[in-house]
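The following exercises are to be worked with the sequence and the three-dimensional structure at hand. Each task is followed by a solution that goes step by step.

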Amino acid sequence: MAHLSLRDLSVTYKTSRGPLPALGPISLEVEDGEFVAILGPSGCGKSTLLKILSGLLKPSGGQSLIGDSVIDKPRPDVGIVFQQPTLLPWKSVRENVLVPVRVLSLYSEAYRAKADALLEMVGLSSFANHYPHELSGGMQQRVAIARGLIHEPNLLLMDEPFAALDALTREQMTLELQSIWDRTRKSVIFITHSIPEATFLADRIVVLSPRPGRIVHTEKVDLPRPRGLDTMTSPSFVATCDRLRRFFAKAEGATL
Ligand SMILES: Nc1ncnc2c1ncn2[C@@H]1O[C@H](COP(=O)(O)OP(=O)(O)OP(=O)(O)O)[C@@H](O)[C@H]1O
Ligand SMILES: [Mg+2]
């Protein structure tokens, strides 16, 4: 059974200037353990889509389901990394990472060690007892990534999680996410503006049109796994990126 189903999903925001169609309708099936990247121009409705899948926003039309259960509220088996880090300012970095397990009443001492291991993975071991305001934007986003993984969600939703990172850290985090995914094979919806990042990580890339975002192209990525830095220079990687780039150049108004 498909793990995640989007069926004729659409969102129209009510604004003071009238209705604003932001997304869809879109339909998509994401298989259990599949890594799907979503590429689309700014303002096409990508974050809106993620808010629906996280159960924080109701669609205006259609529905999304995990298995056969409709997503209508936040769920414990979903992890979310928002475009903005949204850390709790009064909690330490470690406590921020532990928020999902506290909210889900799963906390045990083992999670403290897990939080520290995740902080090490994102390069923030020595900041576990610091507070968010003492961290840069990129560091805060890395805390949010650790927080999204702490409870080992079956579905991980990531909204441009690496956008605030410098190029080197971004590359490192991309490799790290790949290896986490390879170990755990959870379903991931990964939103990005970066064609190489999408190509490197995904099993499938879904391209959205300008607002209201609709699926205009789907690209299966058959590069062998595990993928490493050498993947990025392989002819088939370069060809996939090229195809996607040309697709954007062709589609009027669809600049990334
Ligand atoms: N709460 C809201 N109320 C009204 N309009 C909204 C709201 N949130 C988003 N929008 C509008 O919906 C459209 C889609 O916004 P969204 O944030 O989903 O885009 P996005 O694809 O994530 O863009 P970006 O790549 O810049 O992050 C935009 O035109 C935006 O102005
Ligand atoms: Mg967005």
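A residue counts as buried if 20 or more other C-beta atoms lie within 10 Å of its own, as exposed if 12 or fewer do, and as partly exposed in between, with C-beta atoms placed from the backbone. Helices (H or I, at least four residues) and strands (E, at least two) are DSSP runs, numbered from the N terminus. The model is predicted: local features need pLDDT of at least 70 and side-chain atom pairs count only at pLDDT 80 or more, while totals for chains, interfaces and linings use all residues. Residues are numbered from 1 along each chain as its sequence is written, and chains are lettered from A and ligands numbered from 1 in the order in which they are written.

**Exercise 1. Helix α4**

Task: Determine which residues of α4 are buried, and which are exposed on the other side.

Solution. 
Step 1. Helix α4 comprises residues 109–121, 13 residues in number, and reaches 19 Å from its first C-alpha to its last.
Step 2. The buried residues of α4 are A115, L118 and L119. They lie on the same side of α4 because they cover an arc of only 100 degrees around the axis; the arc is that of the directions from the helix axis to the C-beta atoms.
Step 3. On the other side of α4, the exposed residues are E109, A110, A113 and A117.
Step 4. The cover over the buried residues includes α2 (93–97) and α5 (137–149). Contact here requires C-beta atoms, placed from the backbone, to lie within 7 Å.
Step 5. Just after α4, G123 takes a positive phi of about 75 degrees.

**Exercise 2. Helix α6**

Task: Identify the elements against which the buried residues of α6 pack.

Solution. 
Step 1. Helix α6 (residues 167–184) has 18 residues, and its reach of 26 Å from first C-alpha to last is close to the expected 26 Å.
Step 2. M173, T174, L177 and W181 are buried in α6. Their arc around the axis is only 105 degrees, which puts them on the same side of α6.
Step 3. These buried residues pack against β3, β8 (187–192) and α7 (195–201).
Step 4. The face turned away from the buried side carries the exposed residues L168, D182 and R183. After α6 comes R185, with a positive phi near 50 degrees.

**Exercise 3. Strand pairing**

Task: State the order of the open sheet of four strands, and describe the pairing of β7 with β8.

Solution. 
Step 1. Two strands pair if DSSP finds at least two bridges between them. Strands of a sheet pair through backbone hydrogen bonds, either parallel or antiparallel.
Step 2. The open sheet of four strands has the order β2-β1-β4-β5, with antiparallel pairing. Its edge strands are β2 and β5, each of which pairs on one side only.
Step 3. β1 and β4 (residues 61–66) run antiparallel and are joined by five bridges; L6 has S64 in β4 as its bridge partner.
Step 4. β4 and β5 (residues 69–70) also run antiparallel, joined by two bridges, and I66 is partnered by S69 in β5. Two residues lie between the strands of this hairpin, in which G67 takes a positive phi near 60 degrees.
Step 5. β7 and β8 pair in the parallel sense over five bridges, with I189 in β8 as the bridge partner of L157. β6 (residues 78–81) and β7 pair in the parallel sense over four bridges, and G79 has L156 in β7 as its bridge partner.
Step 6. In β7 (residues 155–159), five of its five residues are buried: L155, L157 and D159 on one side, L156 and M158 on the other.

Terms used:
The expected span of a helix is 1.5 Å times one less than its number of residues. Two residues are in contact if their C-beta atoms, placed from the backbone, lie within 7 Å.
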